[in-house]
Amino acid sequence: MNEDIPQLPSYDESSLDAAFATLAEEVRGETTSRVDVEAFRLRWLGRKQGRLKLVSDAWLKNAPAEARKPLGMRFNQLKQQIEVALEQAIATPAKPTTKAGIDITLPGSVCVPGIEHPLLKTMNEVVAVFHDLGYSTALGPQVESDFYNFEALNFPPNHPARDTQDTLVVAGQQAKPSRDRLLMRTHTSPVQIRTMIAEAPPIRIVVPGKVHRNDAADATHSPVFHQVEGLCVDTNITFSDLKGTLDHAMKALFGSDVKTRFFPSFFPFTEPSADVQISCIFCGGKGCRKCKHSGWIELLGCGMVDPAVFAAVDEQRVAMGKPTAYDPAKVTGFAFGMGVERIAMILHGVSEIGQFYSGDMRFLEQFA
Ligand code: PHE
């Protein structure tokens, strides 16, 4: 509320000085304590009820002609003081209106601890199963060369096997020889090659990581997804070792009741190759909607390392001045690769792969 403007006792200089000094003091007092800039502006400069307008109405309008000039000068000074004060108030952040203190009746602000993303959690669980078997983790780049992603893995240039992995390539690579051209890795298998070039057997590695394919997104596909790869190379590694290892891993992940079976399959870099199925964890193998009434769920690809892969690795080792170490007459090995999203979806009953990437807290909180 604006208090009334007092009547001027007289228009002589000292009365004017006193009247304006009171107003100036008022302004000063308000700007040292007032935090609400807009309220201050309205109170003083408001068009209809602002104090300046009231001063003008009460003092200027009825002033005798000879008092207009001294009155006007003082009026303008006051106006300027108000405007400067206003600018300063806008420039300096509002001070708290109350003295600093702690109100212990206010609720605290809750800091929710983060959780592992369900995909990372699943990936770590898979990796841990193999760590327990003596495997160590190896990683590789997501931007990979054609050589590591395809050629060394026995996918020759233009071979139709490449069509199974629709590839996102890096632009502007045509001038390079085909094996040096860059692409987004379509699987974690290139890390098999990188590891074998760097190290001689025995090798036991798991490779968790992100992979990319030019696939249309739908309920079960995403152009970016995750895999865990495995590679074991040593003397006397057989297909039974592969079967035993994966049977153990599936039981560790899905429960000891789970059965596995191996179906003939094809991958250019393994021979023989197999697809691994587990007995349906939803119906125990009786047949249900989830397993399309077959009693089995297909989960991963695997096989014995193809001698052509060992040959490509040794050729590269020699080119780098390293001794050969992968004579197929002396060493054998197996490899496997599985999709993390698929495992997470089965473990947690998630039917839309996109939920993992949505960032929707209502979804993610369920895994806390
Ligand atoms: N890299 C294969 C894929 O992504 C999976 C695989 C890995 C198969 C290792 C056999 C051995 O389809």
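A polar side-chain atom of Ser189 sits 2.9 Å from a nitrogen atom of the ligand. A polar contact here is a pair of N or O atoms within 3.5 Å. His187 also places a side-chain N or O atom 2.9 Å from a ligand nitrogen. The ligand alone exposes 330 Å², and the protein buries 92% of that (Shrake-Rupley areas, 1.4 Å probe).

This is a predicted model: local features need pLDDT of at least 70, side-chain atom pairs count only at pLDDT 80 or more, and totals for chains, interfaces and linings use all residues. Residues are numbered from 1 along each chain as its sequence is written, and side-chain values use heavy atoms, with hydrogens and water left out.

What surrounds the ligand? The shell holds 15 residues, and the closest are His187, Ser189, Arg213, Gln227 and Phe336 (near means a heavy atom within 4 Å). By class, the shell has 5 nonpolar, 8 polar and 2 charged residues; Gly counts as polar, and Asp, Glu, Lys and Arg as charged. β5 (224–234), β8 (296–305) and β9 (332–339) each give two or more residues to the shell. β9 gives the most, with 3 residues.

Now the whole chain. It has 11 helices and 9 strands (DSSP runs: helices H or I, at least four residues; strands E, at least two). The radius of gyration is 39 Å, well over the 21 Å that the globule rule gives for 368 residues, so the chain is more spread out than a compact globule. That radius is taken over C-alpha atoms, and the rule is 2.2 Å times the number of residues to the power 0.38.

Notes: A polar contact is a pair of N or O atoms within 3.5 Å; within protein, one must be able to donate a hydrogen and the other to accept it, and residues adjacent in sequence count only if both atoms are side-chain atoms.
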